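Subject: Structure handover

Hello,

Here is the structure I promised you. Please open it alongside this note, and then read on for what I found.

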Amino acid sequence: MASDRPTLDTVAAVAGVSRMTVSNAYNRPDQLSAATRERVLAAAATLGYAGPDPTAASLRRQRTGTIGVILTERLPYAFTDPGMVEILRGMTTELSDAGMSLLLVPESGGEDDSSNRTAELLRHAMVDALVLCSLDPGDPAVAAAQERKVPLVTIGHPKLPHVPMVGIDNEKTAAMVAPYLYGLGHRRFAVLTVGAGIYGIRNRPGFISRPSGFIDELTRLGVKAEDVVICEASEHSRSAGKAAVGALLATPTKKRPTALFAVTDILALGAMDAAAGAGVDVPGELSIAGIDDIPDAAAASPPLTTIDQELFEQGRAAIRLALRQLAGEPVRAPRTKTELLVRGSTAAPPR
């Protein structure tokens, strides 16, 4: 049975123009006079014709006008993580300037096979290029992305052969905080990170390399292992950071660390919440520092000492690299700047 759905041909017949003229009215309006285009669109409206099928048009052009971004988290988590929001804001800013769209490919659930399902979604995603955000090299989604044979860019991780990567050296960046706190006179430290294997962070290699970078630098400075306490939050959230540090602050004052380094600002802000709840003065009794420089860091009370790693610019840079590859241009990943921002949450330890 023939479909009664209007087509280019039926619109052309009603408007009294050629099929090509109807196509140009939608795709190349500059080729028509204003009167001709108005006549075509009026005929289309009368027939209920919504325009050419965008999927078919994409197949003809062999372009979708869309960049895919693979996340390690479920979408609700990604939009509550201020650091990820800043990266995505940078991406969408660059895509908007280029007149292109963004497709997010997140983890599809909390079960063990969620990465496999994400990889399956990725194999069928209609995209021109892909950006991988902080994935473990062994994640099935990485292999699926490489199988697509489209331009690839990574943010943070993984490092792949012949694939440009935007991001920082997590160990070296975290190590920047150690001599600063040591120089203030601190000798007892805490490191706040996220426990291994927790859903939503298991593929975040930075959560592993940042503590090691900080601790290795402390060791080089002469700090003993027993003077560094590791605190593990149950998840990457402000509330989990607060809970983990709350337990730490229950220890006697003489044995308590005087400086705490958190692997992200989100966790650092949770540590500040815990200190406020326990009546521990920041920075008078406990100095706190983080990494990321999310918007809430400067607005905290006191403002959080942290390392700015240009999250917004990282998002923009990743999209620029993808677009240049699509244009057939040579690409070279830019160097991400890092800067220690000393604010009110750190000071010399109490005497």
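A word on numbering before anything else: helices (H or I, at least four residues) and strands (E, at least two) are DSSP runs, counted from the N terminus. Please also keep in mind that this is a predicted model.

**Overall**

The chain has 15 helices and 11 strands. It holds 351 residues, and 50% of them are buried.

Now go through the pairs:

- Strand 6 (residues 189–194) pairs with strand 7 in the parallel sense, over six bridges. Here valine 194 stands opposite alanine 233 of strand 7.
- Strand 6 and strand 8 also run parallel, joined by four bridges. Alanine 190 faces leucine 260 of strand 8.
- Strand 8 and strand 9 are a parallel pair with three bridges. Alanine 259 is placed opposite serine 287 of strand 9.

In general, side chains of a regular strand alternate between the two faces of the sheet. What covers strand 8? Look at both faces. Ala259 and Phe261 are buried on one side, and Leu260 and Ala262 are buried on the other.

**Threonine 193**

This residue lies in strand 6. Is threonine 193 buried or exposed? The cut-off for buried is under 20% relative accessible area. Threonine 193 has 6%, so it counts as buried. Cysteine 231 is 38 residues away from threonine 193 in sequence, but the C-alpha to C-alpha distance is 6.3 Å. Leaving aside neighbours within four places in sequence, threonine 193 touches Phe207, Pro211, Ile230, Cys231, Glu232, Ala233, Val263 and Leu267.

Next, go to the loop between strand 8 and helix 13 (265–278). Threonine 264 is found there. Its relative accessible area is 2%, so threonine 264 is buried. Which residues does threonine 264 contact, apart from its neighbours within four places in sequence? They are Phe207, Arg210, His236, Gly290, Ile291 and Asp292.

Alanine 174 is in helix 9 (residues 170–175). Its relative accessibility is 0%, so alanine 174 is buried as well. Again leaving aside neighbours within four places in sequence, alanine 174 is in contact with Arg210, Phe214, Phe261 and Ile291. Arginine 210 is 36 residues from alanine 174 in sequence. In space the two are 5.2 Å apart, C-alpha to C-alpha. Note that Arg210 and Ile291 are on the contact lists of both threonine 264 and alanine 174.

The crossing of helix 12 and helix 13 is right-handed. Helix 12 contributes Arg238, Gly241, Lys242, Val245 and Gly246 to the contact. Helix 13 contributes Ile266, Leu267, Leu269, Gly270, Ala271, Asp273 and Ala274. Six residues of this contact are nonpolar, three are polar and three are charged.

**Helix 6 and helix 15**

Helix 6 (residues 82–98) and helix 15 (residues 311–326) pack at an angle of about 40°, and their axes are 7 Å apart. That angle makes helix 6 oblique to helix 15. This crossing is right-handed. On the helix 6 side, the contact is made by Gly83, Glu86, Ile87, Arg89, Gly90, Met91, Thr93, Glu94, Leu95, Asp97 and Ala98. On the helix 15 side, it is made by Leu311, Phe312, Gly315, Arg316, Ile319, Arg320 and Leu323. The residues of the contact divide into eight nonpolar, four polar and six charged.

Best wishes

Note on methods: Residues are numbered from 1 along each chain as its sequence is written. This is a predicted model: local features need pLDDT of at least 70, side-chain atom pairs count only at pLDDT 80 or more; totals for chains, interfaces and linings use all residues. Side-chain values use heavy atoms; hydrogens and water are left out. Axes are lines fitted to C-alpha atoms, for helices over the stretch in contact, and angles run from 0 to 180 degrees between N-to-C directions. Angles under 35 degrees count as roughly parallel, over 145 as roughly antiparallel, 65 to 115 as roughly perpendicular and the rest as oblique. A crossing is left-handed if the near helix is turned anticlockwise from the far one by less than a right angle, and right-handed if clockwise. Contact means heavy atoms within 4.5 Å. Ala, Val, Leu, Ile, Met, Phe, Trp, Tyr, Cys and Pro count as nonpolar, Asp, Glu, Lys and Arg as charged, and the others, Gly among them, as polar. Two strands pair if DSSP finds at least two bridges between them. Buried means under 20% relative accessible area, exposed over 50%, partly exposed in between (1.4 Å probe, protein chains only).
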